[in-house]
Number of protein chains: 2
Amino acid sequence: MNIAILFGGSSYEHEISIVSAITMKKVFKKSNLTFIFVSSDRQFYFIDAKDMTSKLFSSGDYKKRKLLTLKKGGFFVDGLFGSKAIAFDVVLNLIHGRDGEDGKIASMMTFFDIPFISPCIEASVLSYNKLYTKFLAESLGVKTVAYEYLSKTDERKITMPYPVIVKPVRLGSSIGVSIVKNELELDYALDVAFEFDTDVIVEPFIVGVKEFNQAGCYTHDWELSIVEQPHKEEFLDFEKKYMDFSRDSQVLAADIDNALKIKIQESFKKIYHPLFKGAVIRCDFFVIEDEVYLNEINPIPGSMANYLFEDFEQMVHRLALHLPKEKHIAVDYQYIHSIQSAKGKA
Amino acid sequence: MNIAILFGGSSYEHEISIVSAITMKKVFKKSNLTFIFVSSDRQFYFIDAKDMTSKLFSSGDYKKRKLLTLKKGGFFVDGLFGSKAIAFDVVLNLIHGRDGEDGKIASMMTFFDIPFISPCIEASVLSYNKLYTKFLAESLGVKTVAYEYLSKTDERKITMPYPVIVKPVRLGSSIGVSIVKNELELDYALDVAFEFDTDVIVEPFIVGVKEFNQAGCYTHDWELSIVEQPHKEEFLDFEKKYMDFSRDSQVLAADIDNALKIKIQESFKKIYHPLFKGAVIRCDFFVIEDEVYLNEINPIPGSMANYLFEDFEQMVHRLALHLPKEKHIAVDYQYIHSIQSAKGKA
């Protein structure tokens, strides 16, 4: 199978998307990989797998690679003798943050009829925005922690007790996120968050809360990863974030009882099905007094959460064969013909 | 001002989008109009304003027009001496239903940095799906009528009393909608709705409910239309629907007292701001015992609801000068540089 890895994008997570993409070279051992880079000014470049080093991008050398045009059915190289499509079986959307997770890539792949692995437009918009994720979870009967919502122009006042965590509603990878221990720190945390977004969500910061991650997808059946208990520091510095996006070997399953594992898996399935069909996602849950709460949905997780699966590569192959298809709409101009004959005009 | 009207699309509402687009020729008297047709197989065609008749499309003659390629900054005609951009100041998204209202066009215009009048991606996804519209309205403190939600695979059972109205969640223009008077009729109505969508919403059908439409946008200030009280039959046949999409002259304001008018306008503003900035939308409200309920949001209303405004053309010009701008994200590869120096590798 030939998989086109689409990465980069006009996103605060542009650089970690490059790290994720390079990691895919180690993860996909039996597949042919094609790399399509979306530069920060949104040009598409064809990158040979052998050239995939971080330096190609940081040096600007990617600009010497072939430019691609997105058209019906694929990505094309324009040449003297017309335009030629790049060959692949499926696109794997690996653009973290804006462009990749906000529905733009899903929109374009759907519109231009290119098979792709990614959350669809609706799933993207609902999971990219942490407020909408709350609406979604609530409607599906999955608990989330309490929250308050603030827009840039709102009065900077919250009613929940400290400590709290302040998050821009539309970002991942802890960008713009602060833990706020008291009222005096709130203003600065909001300044930081509003640097990145027009809206923030404030949640209680629960010291020592148990966190569990579950990834998975639906192919012809459920394919769920192990449940991981990430060992997080209070904050991710750049080195730790790099570790997260470059992981390529399986980690150990969390040491939890079967009842809790099933609760986590059932919550994952409620969120996933049917909205996220066609995507591999990771959901991060809190467990508080034996109850499972959705913390966040990672619609395009770092390095695709490959390290949580026993055989990630084969699962992606199966997923590529079970992608949701958009309904064909036939247009026969019957309605316009009726108007024309009713009105005797064209 | 040169306005590019984008119309057609892979949509059940493809044909009425053509009707809406032809209507724009009468509505825009002082602007230059450029027409870009999206065929049902999603090719872009350049159509001269003088050729804009319904016959061009129903006959298939549009296929002889110039094909356009969507690229960074615009729509391009490929020729012997390279590729040339079509000139316009702003795109007006006039694709009703799928492609236009589901976020695809907004995604592509944003990605390729083309100024456009349309709901943004988030606004599209939330208003295209009637279930998500309920979430949105609720979160903004705007009332909606009670509802039940059914997916194709759910048991076909509802708990609310008859009569009810059954609607596919993702369609407009009354397509697939049925009024169901008793339990015996439910099955057939669901069959019809599930022809068009995987999910439906069921609401009480309130005989003789008062309906009011409010359109508007935000430029440098609120620009609200008159409030219209549409005189609807139980159902729209094709002729009446044509009337709705081809209207080009202002209608009379509803005869309501000022207090109700203000309530309707305030509800409209709550829905619109800030999510719909950059768009002209129409909200349809019910008034029940002096309370205002959102019935639905028309993110791209028939003929842009031009007939509700005193000077629609000038308002569109003002809107084009006050479009929301996507935040620029600078990528400086500082993070990758840090990894490289920390690891001593590229």
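In strand E16 of chain A, the residue standing opposite A:Phe212 is A:Phe285. Keep in mind that everything here comes from a predicted model.

Getting from E14(A) to E15(A) takes a hairpin of three residues.

Zoom out and these strands sit in an open sheet of five, ordered E9-E17-E16-E14-E15 in chain A, with mixed pairing. Which strands sit at the edges? They are strand E9 (143–144) and strand E15 (222–228) of chain A, each of them pairing on one side only. As a general point, side chains in a regular strand alternate between the two faces of the sheet.

**How the two chains relate**

Two copies of a chain are related by a rotation about an axis and a shift along it.

How many residues does each chain put into the contact? Chain B gives 46 residues and chain A gives 46 residues. On the side of chain B that touches chain A, the elements supplying at least two residues each include helix H1 (14–27), helix H2 (54–58), strand E4 (66–71), helix H5 (130–139) and helix H7 (238–245). Helix H3 (104–111), helix H4 (121–128) and helix H10 (334–343) of chain B are also among them. H10(B) has the largest share of that side, with seven residues. Sorted by class, the side of chain B that touches chain A holds 18 nonpolar, 17 polar and eleven charged residues.

**Helices meeting their own copies**

Two packed helices are described by the angle between their axes and the distance between the axes.

| Helix pair | Axes come within | Crossing angle |
|---|---|---|
| H3(A) and H3(B) | 8 Å | roughly 110 degrees |
| H4(A) and H4(B) | 10 Å | roughly 110 degrees |

With that angle, H3(A) counts as roughly perpendicular to H3(B), and the crossing of H3(A) and H3(B) is left-handed. The residues of H3(A) that take part are A:Lys104, A:Ser107, A:Met108, A:Thr110 and A:Phe111, and they meet B:Lys104, B:Ser107, B:Met108, B:Thr110 and B:Phe111 in H3(B). That contact has four nonpolar, four polar and two charged residues.

What about H4? H4(A) and H4(B) are likewise roughly perpendicular to each other, and their crossing is left-handed. On one side stand A:Ile121, A:Glu122 and A:Val125 of H4(A), which meet B:Ile121, B:Glu122 and B:Val125 of H4(B). By class, the contact of H4(A) with H4(B) has four nonpolar, no polar and two charged residues.

Key
Residues numbered from 1 in each chain as written. Chains lettered and ligands numbered in written order. Predicted model: local features only at pLDDT ≥ 70, side-chain atom pairs only at ≥ 80, totals over all residues. Pairing = 2+ DSSP bridges. Helix = DSSP H or I, 4+ residues; strand = E, 2+ residues; numbered from the N terminus. Contact = placed C-beta atoms within 7 Å. Nonpolar A, V, L, I, M, F, W, Y, C, P; charged D, E, K, R; others polar. Axes fitted to C-alpha atoms, helices over the stretch in contact; angles between N-to-C directions. Parallel < 35°, antiparallel > 145°, perpendicular 65-115°, else oblique. Left-handed = near helix turned anticlockwise from the far one by under 90°.
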